[in-house]
Amino acid sequence: MITLVAVVSATYAWYIYNTSRHTTNVRMAAGAGASLQISNSYDGTYGSAAVLDSFAGRLTPVSTNRVSGGFQKVEKFTEGSDNQPDLVASIFGSGERTDYYHTSLYLRTTGSATDIYLADIGFEDSSASSPISSAIRVGLVIHRPGRQTAIADEYIFAISDKKNPEAQYNTATGQEGYVLDCTKTDGSTVRFTPYTSAAWCDYNQNTGVVTLKNQSLKLCTISGTDTGQAGTPVQVELYIWLEGCDEDCTANLADQTLRNLAVSFAGVVE
């Protein structure tokens, strides 16, 4: 009971997202015709879509400005001073593997070298009035081609432009747009702006045509062979978490769930 009060009253609006009776189905789609293929393992079966492991359990709000730098969460609250809430998030620890969703997918092409873009992140909230998607982040960590290779790039996306009606600025700065600095453990925050749907490409599922926008963000380039043989796969690590420093991450979302999540990629031949 004391913990519950601390969570609700803290400077950071951290709370427990309990999915014990819900399952989030995570689906990946390659799109962009037969040449771009996806699998849930390096040597697995490649096709136009892949269903990854569902997440059933508990997501604890964590925060980071760089996925490869790790996640942090609140471990202790202290009594607030002047102009602060009664209880203030003060001590932070490393996020555990069970605090967020993490898996890998693999992309390859049987055609020419292909630039990869994010085409869509589809989702279904359990409640339209308290949309948990407003505080969800998707992180993509792109590796170099091949098996168990080094990280090449990483990107963090906000999946929705919806707003939580009970949103409040909940970082130490009291301002929107700050997250925990992954290089520090004292609760320091840094300004961070995730990518949004403006960074996606437009993919027409009926015609297979990919149209790039001014802000379309190329994630990586997958090598091709021009012989019909598959090129070297590229590993993409997928992370899904609740951003604890997001102003939308408040206690009214604690009973909500993201019922489905589908991430779609599209390719443009160089």
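Me: Where is Asn204 found in this predicted model?
Reply: Asn204 sits in a loop. That loop runs between strand 14 (202-203) and strand 15 (210-211).

Me: Why is Asn204 called partly exposed?
Reply: Its relative accessibility is 33%. Buried means under 20%, and exposed means over 50%. The value for Asn204 is 33%, so Asn204 counts as partly exposed.

Me: How far apart are Asn204 and Ala266, in sequence and in space?
Reply: They are 62 residues apart in sequence. In space, C-alpha to C-alpha, they are 9.9 Å apart.

Me: What makes Ser39 a buried residue?
Reply: Ser39 has a relative accessible area of 1%. The cut-off for buried is under 20%. Ser39 is therefore buried. Ser39 lies in strand 3 (residues 36-39).

Me: What does the side chain of Ser39 reach?
Reply: It reaches the backbone oxygen of Ser41, at 3.0 Å. A polar contact needs N or O atoms within 3.5 Å.

Me: Which residues does Ser39 touch, not counting residues up to four places away in sequence?
Reply: Ser39 touches Gly44, Thr45, Tyr46, Ala50, Leu105 and Tyr106. Touching here means heavy atoms within 4.5 Å.

Me: Why is Gln235 called buried?
Reply: Gln235 has a relative accessible area of 11%. Buried means under 20%. So Gln235 is buried. Its place is in strand 17 (residues 234-242).

Me: What makes the pair Gln235 and Ser104 a polar contact?
Reply: Their side chains are 2.9 Å apart at this contact. The limit is 3.5 Å between N or O atoms, and one must be able to donate a hydrogen that the other accepts. Ser104 is also among the residues that Gln235 touches, including Leu105, Tyr106, Val141, Ile142 and His143.

Me: How many disulfides does the structure hold?
Reply: It holds 0 disulfides. Cys245 is in no disulfide, and its nearest cysteine sulfur, that of Cys249, is 8.6 Å away.

Me: How do you know whether Cys245 and Cys249 are buried or exposed?
Reply: Check the relative accessibility. Cys245 has 2%. Cys249 has 0%. Buried means under 20%. Therefore Cys245 is buried, and so is Cys249.

Me: Why does Leu261 count as buried?
Reply: Its relative accessibility is 2%. With buried set at under 20%, Leu261 therefore counts as buried. Leu261 is found in strand 18 (residues 258-269). Leu261 and Gly122 are 139 residues apart in sequence, and 5.6 Å apart in space, C-alpha to C-alpha.

Me: What share of the contacts joins residues at least 24 apart?
Reply: The share is 74%, among contacts between residues at least 6 apart in sequence.

Me: How many helices and strands does the protein have, and what share of its residues is buried?
Reply: The protein has 1 helix and 18 strands. Buried residues make up 49% of its 270 residues.

Me: What lines the largest pocket?
Reply: It is lined by 26 residues. Arg137, Ala158, Glu176, Pro194 and Asp246 lie nearest its centre. Strand 10 (136-143) and strand 12 (178-180) each give two or more residues to the lining. By class, the lining has 9 nonpolar, 7 polar and 10 charged residues. The space in this pocket is about 450 Å³.

Key: Residues are numbered from 1 along each chain as its sequence is written. This is a predicted model: local features need pLDDT of at least 70, side-chain atom pairs count only at pLDDT 80 or more; totals for chains, interfaces and linings use all residues. Side-chain values use heavy atoms; hydrogens and water are left out. On a 1 Å grid over the protein atoms alone, a cavity is a set of points where a 1.4 Å probe fits but cannot get out, and a pocket is an open set with protein on both sides within 12 Å along at least five of seven lines; lining residues have an atom within 4 Å of a point. Grid points are joined across faces, edges and corners, and a volume is the space filled by probe spheres set on the points. Helices (H or I, at least four residues) and strands (E, at least two) are DSSP runs, numbered from the N terminus. Ala, Val, Leu, Ile, Met, Phe, Trp, Tyr, Cys and Pro count as nonpolar, Asp, Glu, Lys and Arg as charged, and the others, Gly among them, as polar. Buried means under 20% relative accessible area, exposed over 50%, partly exposed in between (1.4 Å probe, protein chains only). A disulfide is a pair of cysteine sulfur atoms within 2.5 Å.
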